[in-house]
Amino acid sequence: MSQWKIREWFCGVPDPGLPCYARYAGLEVPRYRQNMNLLLGGVAIGIIIFQSAVIAPVIAKTLEPPFNGQVLRSLWPKFFLILVGIGAVFTLTNFLSEPKQFFLNVLSGIFVVGCPLLAYLIIPATNRARDAGDDRSFNSLHRMSVILTALLLLSYIAAAVWTLP
């Protein structure tokens, strides 16, 4: 692939003399940022919806206890770590392409890295509460995890809407 094809993919314009920017809401946004935001956001949205709406319910309904718990306990940490990685690349892309929008980049980074990281960090406490039969603690920790995942999903949807022309 030639450098001009790569530039055309990132910028939307093959000519090196043309600027690599698009205008959104009065701001100039580099096209590679637009493409990367849509790509990473789409991947994250797809993972969240597939994991939450397909994989977890199928495992919970198909496998008998304690096997469903073992599978879910293995799956959820990986899910949140993958989302932390995607969020880190998403945030890095925003900082490198638009350093002038520091506050917006920090706010975005807090959501797309912080939400899955916090959800990952509460997994051991959630598991301990379930093992101890402490339904009240388990329910509040599980609810927090669900809320963090929903906030993450909404953050990526907002970023995609903001990025679209």
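The largest pocket has a volume of about 610 Å³. Here a pocket is an open set of points on a 1 Å grid where a 1.4 Å probe fits, with protein on both sides within 12 Å along at least five of seven lines, and lining residues have an atom within 4 Å of a point. A volume is the space filled by probe spheres set on the points. Lining this pocket are 23 residues, and L72, W76, T126, F138 and H142 are the closest to its centre. Two or more lining residues come from each of α2 (31-62), α3 (67-97), α5 (123-132) and α6 (135-163); these helices are DSSP runs (H or I, at least four residues), numbered from the N terminus. With eight residues, α6 gives the largest share.

This is a predicted model, so local features need pLDDT of at least 70 and side-chain atom pairs pLDDT 80 or more, while totals for chains, interfaces and linings use all residues. Residues are numbered from 1 along each chain, and side-chain values use heavy atoms, without hydrogens and water.

On to the second largest pocket, with about 240 Å³ of space. Its lining has 14 residues, with L104, S108, S155, A158 and A159 closest to the centre.

Finally, T93 sits in helix α3. T93 counts as buried because its relative accessibility is 12%, where buried means under 20% relative accessible area (1.4 Å probe, protein chains only). Leaving out residues up to four places away in sequence, T93 touches M36 and L40, with contact meaning heavy atoms within 4.5 Å.

Key: Buried < 20%, exposed > 50% of the residue type's maximum accessible area, 1.4 Å probe, protein only.
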